[in-house]
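Welcome! Take a moment with the sequence and the 3D view, and then let us walk through them together.

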Amino acid sequence: MFGRSLRRLTALTLAAAATAALGAGCGSSSDDDGGSGTSAASGGGGGDKPVVGFINGSSVEFNMCVSRGLKAGLGDAAELNEVNSRDDVGAEVSNGEDLLARKPDALVLQTVNVQSGAQIVDKANGDDVPVFLSSVDFVRDPSKVAGAVVFDNGATGAKIGGFLAEQVRAAGGSGEVKVGIVAGAPGAASDFLVRGFKGALAAAPNAKVVFEQPGMWNRGKAASVAENMIQAQPDLDYVLVSNEDMAFGVLKSLQAAGKDGQVKILTNGGTELGLRAVEDGEFLSTTDASPFQIGFRTGRAVLDQLDGRSAAEPVQTLPVQVITRDNAAGAAAYCAAS
Amino acid sequence: MSAVDSLPAAAGDRPRGPLALLRRLGPTGSHVAALALVLVVVVVVASLLSETFLTTDNLLNVTRQVAVLGILAGATTLLMVSGGIDLSIGACASLCGVIAAKLLNGDASATVAVLAVVGIGMGVGLLNGLAIVASGAPPLILTLGTMSILEGFSQATTNAETIPVGNFGWLGAATLLGIPMPAVVAGVVLLACGLLLRYTRLGRDALAIGGNEHASFVAGIGIGRVKIALYVIAGALAALAGLVLVSRVGAASPMGGVGLELQAVAAVVIGGASLAGGRGSVAGTVLGVVLLGVITNVLNLLNVQTYYQSVATGAVIAIAVMSGQAGTRWRSDRGAGH
C-alpha cells in the first residue's frame, strides 16, 4: 500500500528537514541579539566569569525584551544561562531545578506563577544561590530574595484611571461617560492594572465601567471582544485595553465599525508602534512600562551583588508614566537602552 | 452528511413518516439534527436576554469571529473522519501568517505572498503526512511535535514580536454583498470540504479508512496516498486561516493561531465526528463552530464575568455533545431498529 520509493522519498525528506532544523538551531545559537533559548555559553562553561541563571516565563515580546535588557545589564561581566518556561508552571519548576543543579552564582526569575516561583526561591535559598525577581515581586519575606526590579501594575492602572478621570472632569457635563475594559488574562498582572484603574476612575463619579471582558493578551481575541463590546454598548466613550498589542486589535474593530472617532483608547505598554499610535491620535494614551529597563536594572543589581555591593533598596519599583501626544517624545524605550 | 451515512435503505423495508426521515438522516444526521435543536434553543435564549443579539450587525460579527475557526475546523473534519488529527494547524497558521507579513512588508505582492504561504502550508502538511504514513506514529503525538517545531520557528523568525501588516485588509476587513470576507472564505472552504467528503473518491476513501483501515486496504484503497493528501489539504487550509487572521487584525503574531487547533477539534466533535474516525460531517462541524461562536458572543454581549463564561461555555458544550449522542441513540433505537 505504500511503495518503497515513497518510503525512500519520505526518509530523504525527513532527513533534509532534520538537517535544516539543526542548521537553523546552530545558526541561531550564535545570534547574540537572540530573543530566545540559551543566550550565552551553556552549563557552567563560563571560565572565570560568574554564571547567572535566568528563568524566563514566556516567549512573548515583553519577556524577550526583559531578556535583552538583562543581557545588556550584565554585559560581558557574567555568563547568562537562560531557559524558558513557555507559560508552563510545571516547566518553570523543572527549569529551576535544572539551573540550580548547575550551581549558578545568581538566579534571575521572571515567574509564570507565584506558587511555582515561590518553590524555586525556596530551593535557591536552600542551595545558597542569591535570587533576583524581575517584573513581579511576589515574595512576602524580603530576606528570601537578594533583589527585585518590578512594576507596580496597580499603581500604573491608577495612573491611567486618574488620567481618564481628569479628562472626564475637564470635559465637564454631568451625563454618563461609558467606559469599556478589554483586559488581559484573568488572575494575573492585568487584574491589578484594572483594579487600580477602576479605583482611580471613581474620582469622576459620572464615569461608569459598563463592559469588561478579557482579550487574553491576544490581538485577534481582543478584536472579537471589541466587536461584541460595540454591539452591546454602542454609546461607549472610552476603552481601557491592558496592552498595546490587544489595543491594535480593538482599534481595528472600532475602525471597521466606524467608531474610532467616538471611542478613545487608553492602553499600557510603550512600544514604538504604540507611541506612534498615540502621536497619530489612534490611542488617547499609553504608558512607558519598559521591560528592557526591568531586565537591564536586574542585570546591574546582580552584578552589584556579585561584586559584594548591597543595594540600598533591594526592591526597585520602576516609575511608569501615562504617555499622551504631549510627552510621547520623553517615553522610555520599550526594548532598547534609550 | 457523510457518504457512509447516506447509504440507501434496503428496498421493501422503507418505513414512512418520521421514521423514514430518521433512517434517511443516519447516525451523523441524527446527531446534527439534535445539535441544530440545541443551537436553536441557545439562539432563542440569547435573543431573549440580549436585544442586540439578533441584529444584523451582530450576526455578521459572529460570522466574522468564527471564520478562522471554521476554516481550521473544516480541515480537522477531513482528517478526523479518516482517523487522523493535526494539532499543528494552529501553529502552522501562525507561521504562515508571520511569513506572509514578512513577504508583504518586503516587496512581494499579495498574490505572491498568498501563493507562497499556501505552498508552505502544503509543505508542512506533506511532511506531517509522510512522517505519519511512513513511521506509523500516532498522528496526535507526531503533530504535537510539529506544533512545537512550528511555534519555535515562528518565534525565532519574529523574535517573538508582532509584525504589523499594511495593505492586506481585503481578506479580513472587506465584505462581499454585505457578508464579511472571512465568513465568505470560511463558507467556501466548508462547502468544498462537504462536497469533497460526499462526492469525491478522496472523501469516500477517507471515511472508509476512518471506519476500518484494514478493510480499506484489502479493498484496494491507497491508504498512504489518501492520508498524505488529507494532511496536505489541512496544511493549505491552515495557511489560509493564517492569512485571514493576519488580514483581520492587521498584524502577524507568532502565537496568533495557538490554541485554535483544540477549538477546532472541539467544534468537530461537537458536530458529531468520532475521535476514532469513520463518522462525521461538515454540516455538524458548521453547527459546532457556530455554537461556539454564538456562546462566546452572547456571553460578551451580556458582559458575563470571565469565570462564569467558562462555566456556561463548558455546560453548553456538554449539553450539545450529549444531545447529539442522544439523537443518535434515539434514531438507532426507534428509527433503524429491526
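## Cysteines and the make-up of chain B

A search of the whole structure, which is a predicted model, turns up 1 disulfide over all chains. Where does this disulfide sit? The bond joins Cys65(A) to Cys335(A), with 2.0 Å from S to S. These two cysteines bring distant parts of the chain together: Cys65(A) belongs to helix 2 (residues 61–74) of chain A, while Cys335(A) lies in the segment after strand 12 (322–323) of chain A, 270 residues apart. If you look along the S-S bond, you will find an angle of -110° about it, which makes the link of Cys65(A) and Cys335(A) left-handed. Cys65(A) is also buried, as its relative accessible area is 1%.

Now let us move to chain B and its cysteines. Cys96(B) itself is buried, at a relative accessible area of 0%. Cys193(B) counts as buried too, with 4% relative accessibility.

Finally, step back to see chain B as a whole. Its make-up includes 13 helices and 4 strands. Chain B has 338 residues, and 53% of them count as buried. Consider the contacts in chain B between residues at least 6 apart in sequence: 78% of these join residues at least 24 apart.

Terms used. Residues numbered from 1 in each chain as written. Chains lettered and ligands numbered in written order. Predicted model: local features only at pLDDT ≥ 70, side-chain atom pairs only at ≥ 80, totals over all residues. Heavy atoms only, no water. Buried < 20%, exposed > 50% of the residue type's maximum accessible area, 1.4 Å probe, protein only. Contact = heavy atoms within 4.5 Å. Disulfide = S-S within 2.5 Å.
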